[in-house]
Amino acid sequence: MNKSKIPVAQKDVLSLLLDDHKKAKKLFKEFENTEDDARKEALAREVCMELTAHTTIEEEVFYPFLREHDPEEFGDLLNEALVEHASAKELIAQIRGMGMQDDLFEAKVTVLGEYVSHHVKEEEEELFPKVISKKIELRELLTPMTERKEEALQSAVA
């Protein structure tokens with residue numbers, strides 16, 4: 001999705017989410033292309049932390065706001081997104097309990113990347129365009145989303 005085409009009312013919030021998507025894709029690609037086991041493990045841990053923060057702001061701030069705004073329009077998409085998040089969280093929990101020495105570590109990170117890629121595609125091709133077409137004012141969400149993301153990242157590091 002081209003950020004320059006997003007209207008002002010949605011630009012900052014959707015850009016925050018799009019930047020998260022871009023970062024996750026980049027981390028998964030680097031994981032795939034890296035031969036060094038220590039680097040691979042570090043990338044896996046970083047992407048798990050980033051995805052955890054991202055799902056937190058979507059589930060706690062963004063999705064409830066959209067559902068409240070128009071439950072009929074967004075309900076099915078948001079329900080699917082929550083199921084996708086649950087699957088990703090399960091894999092993240094497994095990955096966090098493993099290391100490169102574990103047989104399925106790389107496979108689980110790869111499958112997580114595939115789940116995330118599918119989820120990102122649905123958000124960027126279905127959910128976000130719907131938000132834009134409905135002209136939903138999102139500016140009030142920027143501060144709570146930014147603050148909650150920072151808290152989630154801090155608690156992941158701690």
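Read along the sequence, the pattern is α-α-α-α-α. You're looking at a predicted model, in which local features need pLDDT of at least 70, side-chain atom pairs count only at pLDDT 80 or more, and totals for chains, interfaces and linings use all residues. Residues are numbered from 1 along each chain as its sequence is written, and side-chain values use heavy atoms, with hydrogens and water left out.

**Overall shape**

- The C-alpha atoms fill a box of roughly 50 × 25 × 25 Å, taken along the principal axes.
- Of the 158 residues, 46% are buried (buried is under 20% relative accessible area, exposed is over 50%, and partly exposed is in between, with a 1.4 Å probe and protein chains only).

**The loop residue lysine 135**

- Lysine 135 sits in the loop between α4 (105-133) and α5 (142-157).
- Its phi is near 55°, a positive value in a residue other than glycine.
- Most residues other than glycine have a negative phi.
- Lysine 135 is exposed, with a relative accessible area of 68%.

- Glutamate 126 is found in helix α4.
- At 39% relative accessibility, glutamate 126 counts as partly exposed.

Terms used:
Helices (H or I, at least four residues) and strands (E, at least two) are DSSP runs, numbered from the N terminus.
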